[in-house]
Amino acid sequence: MATPTEEYNILFLGETQSGKSTSIESLRKYADPNYIIEKENLGDGIFSKTSAVSTASICTNLPSYFVTDKARKRVDYGKFIEDDQEDYEDELNDRKSYQLEREESCADRVSFRLIDTPGLNDTALNDESNIAIIFKALENIKSIHLVVITVANNPFTEGLKDALKAYVHLLPELNGNIVFLHTRIDYSKMHREETVFAHYMDEKTKILHELMGRNTVPHLLIDNDLNSQRTIRNCITQNTLRNLLDLAKLNQPIRVRVMVMNKTDKMLIVDDVLRQKYTDQIQAREKTLGGKNREEQEVLTQIGDLKAKIAHHEQHLLDIKRDLAFYDKDTLVLLYEESYQQGVTLLGFMEGVKTMYFPGKKRASSPEFVHHVIDHIDILARNVNVLQDAGGFNHPYWAVRFRRRKHQNGLYAVKIYITKRKMFIKKIENWKTIETTHQGKLKDCIADLEDLEQQKKERKVQIDELVEQLKMDYYLLGRVSTTTLDSKVFHALVAAQVYVRDIGTSSTNVERFYFQNKGALDGLEHFVEDDAPLPVNTSSNTNDKGVDVSEAPNSNSKEDEFKSEVDAITKAVKGMGVDMDGDTEMEE
């Protein structure tokens with residue numbers, strides 16, 4: 001059996017005993033004709049058997065069904081609706097011995113995850129518990145392709161309206177992916193002479209459209225009779241189930257983790273109470289804060305300025321410390337290299353004397369190059385006779401004269417190293433001077449700050465407390481000033497049961513909940529999925545690790561300085577008669 005190429009998630013919602021679990025069992029039977037329906041999972045018409053969210057997966061290539069007669073000819077049962085009502089019902093009840101045929105599709109197999117939920121008005125659980133269970137299930141599902149709201153063929157009560165209104169209101173982003181599945185429909189009522197039933201369905205559809213706020217929501221009708229042996233009825237049911245699965249494939253998925261929820265009516269009432277309270281509280285605190293005299297405000301301004309300067313100096317010291325940690329090290333770096341390789345000449349006896357220099361030899365007395373004292377030298381000599389060498393380790397220069405041995409392939413290579421500390425001694429000395437300056441300024445700023453804070457310690461404490469109180473006031477005011485919630489925050493509120501009491505108690509519970517869980521709630525709202533791109537603040541002066549790089553030394557500037565030093569050395573070496581491209585002067 002081929003592996004499914006795609007997976008679609010279908011969420012079933014509806015009133016208790018509206019046929020959610022029965023519809024799911026029917027879909028499992030549709031996908032696998034050999035599936036044995038688990039009747040113990042179905043309600044008995046009074047009590048619901050679904051007290052927790054459950055899922056079932058099916059794989060299918062979406063086959064279609066048709067009816068054949070005794071001669072194995074396909075029957076167009078749709079035409080029967082034009083017959084008299086009695087004849088139409090006779091056809092539906094298999095009085096002419098029709099047979100149900102399954103026609104497999106050539107399409108790839110796909111997987112559907114069917115999510116069953118308790119009814120919003122479950123007979124064993126209260127509404128809030130059911131909502132918590134439903135959203136706990138959604139929390140572990142990445143996306144929803146279709147929401148099936150089951151509506152039983154019963155009188156449209158106010159309780160049912162409220163239940164459906166709750167679903168539509170709580171899940172605004174899923175509105176476009178909703179389909180109404182009318183269950184327990186007697187197909188014989190769909191005859192053109194059944195005007196009462198047609199009027200009943202029209203009125204019911206209008207009410208549903210009003211609840212949805214649009215009249216384009218799909219409606220499917222199904223009888224949900226799991227024991228039916230009537231061929232045409234079963235064929236209608238099977239093809240209706242296929243249409244339902246096709247709708248899931250048609251829709252764009254809604255990502256659950258970033259879904260927005262609407263607040264419930266009670267949430268909004270509690271929000272109104274808290275919004276008025278915190279609006280008045282903020283006005284009073286701002287008036288107190290604004291009533292301070294100019295002298296006190298100036299002192300606070302000076303404190304703020306000093307803190308900014310301290311941060312400035314501290315950042316400079318951190319930058320310098322980082323640069324020193326990188327450059328003020330005994331790591332060896334290549335300063336100079338030269339190589340000579342000469343094969344046997346045609347006559348075999350023309351052997352010249354080769355001379356190599358390190359440019360420091362000519363400029364050893366120059367203060368600018370005093371730091372270029374050689375710390376390490378590597379030499380490779382093959383088939384050459386060294387006539388004379390000078391300088392080298394612990395000297396600011398190096399030179400050698402050698403001759404290739406006659407009739408031999410000669411090789412002489414040298415690499416000269418100095419420590420990184422010596423290479424960048426001027427930069428290091430400059431950084432240390434700047435470091436000392438910043439340390440002095442930082443010390444002065446800290447001393448001044450301590451004096452000011454000591455003078456106005458009590459005032460500062462009062463202001464800080466007032467500012468923190470205002471921040472929390474604004475935080476809570478922001479929370480209660482929106483009509484929507486992040487889905488994860490909505491679930492956290494419902495799970496904490498802060499709205500289960502009267503308005504006054506609920507208001508106190510909401511305050512306590514938001515204040516005690518501020519950090520956790522902010523973390524929930526800033527959660528990023530693994531497959532989602534990370535948010536990047538392009539206007540920030542921080543890198544991807546949160547480190548401030550606005551004052552970091554310019555890497556291009558350092559590169560330019562290094563190139564200038566190289567150019568100066570190159571010019572000096574060429575002045576000694578040494579070709580930096582590899583050819584050097586030869587002594588015959």
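Biologist: Which residue in β18 is the bridge partner of E338?
Modeller: V414 is the bridge partner of E338. One caution before we go on: this is a predicted model.

Biologist: How many bridges pair β13 with β18?
Modeller: Ten bridges, in the antiparallel sense, pair β13 with strand β18 (residues 410–419).

Biologist: In what order do the strands of that open sheet lie?
Modeller: The general idea is that side chains in a regular strand alternate between the two faces of the sheet. Here three strands form an open sheet, ordered β13-β18-β15, with antiparallel pairing. At the edges stand β13 (332–342) and β15 (376–382). Each has a single partner strand, so one side of each has no neighbour in the sheet. On average, neighbouring strands of this sheet are turned by 5 degrees against each other, direction ignored.

Biologist: Where is the hairpin of β16 and β17, and what is in its turn?
Modeller: Strand β16 (residues 384–391) runs antiparallel to β17, and seven bridges join them. G391 stands opposite W398 in β17. Six residues lie between the two strands of the hairpin. In the turn, G392 has a positive phi of about 105 degrees.

Biologist: Is strand β17 mostly covered or mostly uncovered?
Modeller: Mostly covered. Five of the seven residues of β17 (residues 398–404) are buried.

Biologist: On to helices. What describes two packed helices?
Modeller: The angle between their axes and the distance between the axes. Take helix α7 (residues 265–290) and helix α13 (residues 503–516): they pack at an angle of about 75 degrees, with axes 9 Å apart. That makes α7 roughly perpendicular to α13.

Biologist: Which residues of α7 and α13 meet?
Modeller: From α7 come K266, I269, V270, V273, L274, K277 and Y278. From α13 come I503, S506, S507, V510, E511 and F515. By class, this contact of α7 with α13 has eight nonpolar, two polar and three charged residues. For the spacing, recall that an α-helix has 3.6 residues a turn, so residues three or four places apart point the same way.

Biologist: At what angle do the axes of α1 and α6 cross?
Modeller: Roughly 100 degrees, for helix α1 (residues 20–31) and helix α6 (residues 231–250). Their axes come within 10 Å. α1 and α6 are therefore roughly perpendicular to each other. S26, L27 and Y30 in α1 meet Q238, L241, R242, L244 and L245 in α6. The residues of this contact of α1 with α6 divide into five nonpolar, two polar and one charged.

Biologist: What does S64 touch?
Modeller: S64 is in strand β3 (residues 64–68). Its relative accessibility is 15%, so S64 counts as buried. Beyond four places in sequence, S64 touches E101, R102, E103, N239 and R242.

Biologist: Which residues of the largest nonpolar core touch the most other members?
Modeller: In soluble globular proteins, nonpolar side chains tend to be buried together. The largest nonpolar core here has 48 residues, and I144, I149, L164, M259, L493 and Y514 touch the most other members. Apart from that core lies another, of 37 residues, including L220 and L244.

Biologist: And what does M259 touch?
Modeller: Not counting residues up to four places away in sequence, M259 touches L138, L171, E173, L174, I254, L485, D486 and S487.

Biologist: Which residues of α12 are buried?
Modeller: S487, K488, V489, F490, H491, L493 and V494. That is seven of the ten residues of α12 (residues 487–496), so the helix is largely enclosed by the rest of the structure. Just after α12, Q497 takes a positive phi of about 55 degrees.

Biologist: Last, the whole chain. How many helices and strands are there?
Modeller: The chain has 15 helices and 20 strands. Of its 588 residues, 41% are buried. Among contacts between residues at least 6 apart in sequence, 82% join residues at least 24 apart.

Notes:
Residues are numbered from 1 along each chain as its sequence is written. This is a predicted model: local features need pLDDT of at least 70, side-chain atom pairs count only at pLDDT 80 or more; totals for chains, interfaces and linings use all residues. Side-chain values use heavy atoms; hydrogens and water are left out. Axes are lines fitted to C-alpha atoms, for helices over the stretch in contact, and angles run from 0 to 180 degrees between N-to-C directions. Helices (H or I, at least four residues) and strands (E, at least two) are DSSP runs, numbered from the N terminus. Angles under 35 degrees count as roughly parallel, over 145 as roughly antiparallel, 65 to 115 as roughly perpendicular and the rest as oblique. Contact means heavy atoms within 4.5 Å. Ala, Val, Leu, Ile, Met, Phe, Trp, Tyr, Cys and Pro count as nonpolar, Asp, Glu, Lys and Arg as charged, and the others, Gly among them, as polar. A nonpolar core is a set of buried Ala, Val, Leu, Ile, Met, Phe, Trp, Tyr and Cys residues joined through side-chain atoms within 4.5 Å. Buried means under 20% relative accessible area, exposed over 50%, partly exposed in between (1.4 Å probe, protein chains only). Two strands pair if DSSP finds at least two bridges between them.
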